[in-house]
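The following exercises are to be worked through with the sequence and the coordinates at hand. Each task is followed by a stepwise solution.

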Amino acid sequence: ALQTLVFHGATPEILFEAHPHIGTDKLPGIMQRIRQTIVGAGGVFRFGSRVTDLKIEGDRIKGVWCGDELIEGAAVVLATGHSARDIYELLHRRGVRVEAKPFAMGVRIEHPQALIDSIQYHCETRGEYLPAASYSLVSQENGRGVYSFCMCPGGEVIAAASEEGGVVTNGMSRSSRDGENANAALLVTLTPDDFPYDGVLGGMYWQREIEKKAYEIGHDYKACAQTVGDFLARTPSTNAGSVTPSYKPGVHWGDIRSVLPEKITCVMERAIPELGKKLKGFDAPDAVLTAPETRSSSPVRILRDVDRRSEIRGLSPCGEGAGYAGGITSAAVDGMKCAESLISTL
């Protein structure tokens, strides 16, 4: 998987670095070259085309409907990512077996990159030869996991909503990782027992509820922000401290408890000081929490067998949207395994 990315323009360093990084600024060009390779091998891309139904006869899939057009095929690989909510609803409606699965939600937390560098390298400045430092943290609070995820050295917090009237945050780093701030997701693990909605799509509807609430509070797709000091003091923030939030289109200062449910914020409240003991300065009062981070992974799993095939013959749920992968590399490997399974079948 990594060699394929390098062949299409990623730097060779990702083949041997412990924490390989491509850079969000480089990914579009890499994806264009991958698309050209697929087209050169006979593949066809259909932009502006949306799957609206499945053609299922008995226990076998025969193709997909894109509006009034039927595209037939001996197999369908369903690799829609973890935010194609209309596909989850379609599968559930058409009797394809899906189940609710554990996932995590929380916030993005931002610190000055210089602070993370000084903590991790034990020196005042990192100098010109050391890369922007990263971290990985985990804690257990009353049996519930809290952890950092998708840490972005020298990066920025970005908008990642996929539906109108919702606010979702994520993080990215450019290849140079030279931004002023470091950010990471700070997430709390959740199980189907926590979901306020019943049914296999309960986690998905909970995500949507939180995202819509965030939009209604902030308007214009601004995210809610609060300093760590104010969050721990249970005081709404009114302005920034020394850390300027990087989120665009901007933040509105307030209390992230107005966006996130108590079963998440009460765990974060206990975890942040504990994580500060592991990474001194992580709980700095001026660090910024930006909410909500709801899309760390899929809240739904599309059931499949050991050969990565659904009980609907010919249908192969794949990648993050299927609920079996969590990132670029694991999703790529899952795709390769799905392809091998299809080759052996067809």
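Contact here means heavy atoms within 4.5 Å. The model is a predicted one.

**Exercise 1.** Determine which elements the buried residues of α7 pack against.

Solution. Begin with the cut-off: a residue is buried when its relative accessible area is under 20%. In α7, the residues that qualify are Ile264, Thr265, Val267, Met268, Glu269, Ala271, Ile272, Leu275 and Gly276. Next, follow their contacts: these residues pack against the strands β6 (103–112), β7 (138–141), β8 (144–159), β10 (181–190) and β13 (288–293), and against the helix α6 (228–233).

**Exercise 2.** Classify Phe47 and Thr191 as buried, partly exposed or exposed.

Solution. Exposed requires over 50% relative accessible area, and partly exposed lies between that and the buried limit of 20%. Phe47, in the loop between α2 (27–40) and β1 (53–57), has 63% and is therefore exposed. Together with Ile38, Val39 and Phe45, Phe47 forms a nonpolar surface patch with about 390 Å² of accessible area. Thr191, in the loop between β10 and α5 (202–218), has 34% and is therefore partly exposed.

Methods: Residues numbered from 1 in each chain as written. Predicted model: local features only at pLDDT ≥ 70, side-chain atom pairs only at ≥ 80, totals over all residues. Heavy atoms only, no water. Buried < 20%, exposed > 50% of the residue type's maximum accessible area, 1.4 Å probe, protein only. Helix = DSSP H or I, 4+ residues; strand = E, 2+ residues; numbered from the N terminus. Patch = residues over 30% accessible without salt bridge, like charges linked within 9 Å, V, L, I, M, F, W, Y side chains within 5 Å. Areas by Shrake-Rupley, 256 points an atom, 1.4 Å probe, with all protein chains shown as cover. Salt bridge = Lys/Arg side-chain N within 4 Å of Asp/Glu carboxyl O.
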